[in-house]
Amino acid sequence: MSAISCHNIIKRYGETQVVHAFDLDVADNEFVVFLGPSGCGKSTILRMLAGLEDISGGDLHIGGRRVNDLPPQERGIAMVFQNYALYPHMTVRDNIAFGLKRLKVPKAEIDSRIKEVSDTLGLERYLQRKPAELSGGQQQRVAIARAMIKTPKVFLFDEPLSNLDAKLRNHMRIEIAKLHQTLKTTTVYVTHDQHEAMTLADRIVLLRDGRIEQVGSPKEIFERP
Ligand code: ADP
Ligand code: ADP
């Protein structure tokens, strides 16, 4: 059984169709990257997986369940956004804990999970700060911690490194790769950066104008004979 199964998924905005018959199966533990130029539909497909955008047609299964009509919090996913999307008035600790508090997880368990993820991501020293007091890279680590703490079946990343400078981008890319080696959580990762796609992906889905142009390993996509 696939972790994610997209069958004939379509997206229309009014009269305009922006995603055409999207078919894809993502295996358990796989790291799939959607790669393509701005406007090709990467974010729209990711947002449909997340439940942030209605699906106009087709079937979407996550973890074997049809999720077309399920809200985001019932899909077993956690998403990391390009702009981090942290709550500015909350401390780092409260940002990370937010999802678990809403699920009424006991405080002792929340505390031990916060310790675990902040250790992993090097955030122990920043837990009492507000997001605005952190660098972009640190804010993105908080966003990843907030996703990790939910132990989702699937991670969704929407251009998570695009707002970072080149050095931090490199650093965070390596951290995300390591994180995947450790957790092995099934991941769909959107980027327009070929280098990110090549170095992170088990499989790349090359998109153009709302259609799949090619699917394959980084080798198959970039080392054409
Ligand atoms: P990408 O993530 O690859 O940059 P998007 O998924 O954001 O592409 O957009 C795909 C296409 O859908 C683009 O042509 C974009 O203009 C269009 N689009 C995205 N969101 C909307 C919307 N809310 N209403 C109308 N068109 C949209
Ligand atoms: P990103 O660069 O992160 O893909 P975009 O600028 O493509 O961001 O989109 C930002 C927001 O605007 C998204 O919520 C997207 O759905 C919406 N959007 C994008 N294109 C259009 C469009 N042509 N009409 C209306 N909304 C759009």
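## A buried glutamate without a salt bridge

Glu159 is buried, yet this residue forms no salt bridge. The nearest side chain of opposite charge belongs to Lys42 and is 4.2 Å away. A salt bridge requires a side-chain nitrogen of Lys or Arg within 4 Å of a carboxyl oxygen of Asp or Glu. The model discussed in this report is a predicted one.

Where in the chain is Glu159 placed? Glu159 is in the loop between strand S7 (154–158) and helix H5 (166–183). If neighbours within four places in sequence are left aside, Glu159 is in contact with Lys42, Gln82, Val190, Thr191 and His192. Lys42 is therefore a contact of Glu159, where contact means heavy atoms within 4.5 Å.

Glu30 has its place in the loop between strand S2 (16–26) and strand S3 (31–35). Is Glu30 buried or exposed? Glu30 counts as buried because its relative accessibility is 12%, and the cut-off for buried is under 20%.

The side chain of Glu30 is joined to that of Arg203 by a polar contact of 2.6 Å. Not counting residues up to four places away in sequence, Glu30 touches Asp25, His180, Thr185, Thr186, Thr187, Asp202 and Arg203.

## The largest cavity

How many cavities of 30 Å³ or more does a search of the whole structure find? The search finds 1 such cavity. The volume of the largest cavity is about 50 Å³.

Phe31, Phe155, Phe157, Ile176, Leu179, His180, Leu183, Thr185 and Thr187 form the lining of this cavity. Strand S7 and helix H5 each supply at least two residues of that lining. H5 provides the largest share, with 4 residues.

## The largest pocket

The largest pocket has a volume of about 620 Å³. Its lining consists of 21 residues. Which of these residues lie nearest the centre of the pocket? They are Gln73, Ile77, Ala78, Arg102 and Lys150.

Several elements contribute to the lining of the largest pocket: strand S6 (77–80), helix H2 (92–102) and helix H4 (136–148) each supply at least two residues. The element that gives the most to this lining is H2, with 4 residues.

Key
Residues numbered from 1 in each chain as written. Chains lettered and ligands numbered in written order. Predicted model: local features only at pLDDT ≥ 70, side-chain atom pairs only at ≥ 80, totals over all residues. Heavy atoms only, no water. Buried < 20%, exposed > 50% of the residue type's maximum accessible area, 1.4 Å probe, protein only. Lys, Arg positive; Asp, Glu negative; His and termini not counted. Polar contact = N/O pair within 3.5 Å; in protein donor to acceptor, adjacent residues only side chain to side chain. 1 Å grid on protein atoms, 1.4 Å probe; cavity = no way out; pocket = protein on both sides within 12 Å on 5 of 7 lines; lining within 4 Å. Points joined across faces, edges and corners; volume = space filled by probe spheres on them.
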